[in-house]
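Have the sequence and the model at hand.

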Amino acid sequence: MLASNPTQRFSNRVEDYLRYRPGYPRAILDALREECGLTPESVVADVGCGTGLLAQLFLSNGNLVYGVEPNAAMREAGERALDGHANFHSVAGSAEATTLPNASVDFVVAGQAFHWFEMKAARTEFRRVLKPGGWVAVIWNERRKDTPFLRAYENLLRTYGTDYAEVAATYPEQSRMEEFFGAGAFHHRFFPNAQDFDFDGLRGRLLSASYAPPKGHPKHEPMLAELKRLFEVHEKDGRVRVEYITRLYYGQIRRDDREGLSRR
């Protein structure tokens, strides 16, 4: 079991999260247009909106976006980051209780926060707020582990992370998607994504993670020393690359739970 309330795990990491977490490729919009009928007029609920990284993608498409976020510090950071976007509305709510009206949105989307959701309650809530024929899309940046640097970085997380293994076990792999959507009732596409960091950026990326021991923790300074060593071994021209696979899962929720979920 994870050590702390997931809605509060990021309260002391907001600025690093805002500056150093990866965004999402625009190819996602193309896929949702082709497969789900996304248009600029579609109303989107970004559940677990955090600092607004995923909301920003849909705002760039012209969508009206309700950013639902339970953590006050993250929600306020998202409001600052998206200030000036007239189509963005910040909502104090959760995946299990969004506070949005019945049948009010065309899409419910969720990013990295999805693995913290209580699946059954979130599915019921998403079905309530979706218009008939609406879609759920889960969009996830999965860090690759197939370069020498990324393998070393993964080992660092497993060595120094406070509860890295427990958090990693909740990531939305195939079985997690089947738990939410139902077996065979969703589609999956994936896209390349990457970030290039100098050491300060890599440090911020690490410290944005909820399992990275914070300042004052006995593992904090040893972890940063090892991170510096890894950077010096693997950097090229003063930078290292963190590569991701951005996974898109999408499907529709039937009005009757007994029927499960279906494709369009």
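## Terms and model

Helices (H or I, at least four residues) and strands (E, at least two) are DSSP runs, numbered from the N terminus. A salt bridge is a side-chain nitrogen of Lys or Arg within 4 Å of a carboxyl oxygen of Asp or Glu.

The model is predicted: local features need pLDDT of at least 70, side-chain atom pairs count only at pLDDT 80 or more, and totals for chains, interfaces and linings use all residues. Residues are numbered from 1 along each chain as its sequence is written, and side-chain values use heavy atoms, with hydrogens and water left out.

The salt-bridge count is 12.

## Within helix H2

Asp30 and Arg33 form a salt bridge, 2.5 Å from N to O. Both belong to helix H2 (residues 27-36). They are 3 residues apart, about one turn of the helix.

## From helix H2 to strand E6

Arg189 pairs with Glu34 in a salt bridge, with the closest N and O atoms 3.5 Å apart. Arg189 lies in strand E6 (residues 187-197) and Glu34 in helix H2, so the pair ties together parts 155 residues apart in sequence.

Glu34 is exposed, at 55%. Arg189 is partly exposed, at 29%. A network of salt bridges links Glu34, Glu35 and Arg189.

## From strand E6 to strand E7

Asp196 and Arg241 form a salt bridge, their closest N and O atoms 2.8 Å apart. Asp196 is in strand E6 and Arg241 in strand E7 (residues 240-253), so this pair ties together parts 45 residues apart in sequence.

Asp196 is partly exposed, at 36%. Arg241 is partly exposed, at 44%.

How values were computed: Buried < 20%, exposed > 50% of the residue type's maximum accessible area, 1.4 Å probe, protein only.
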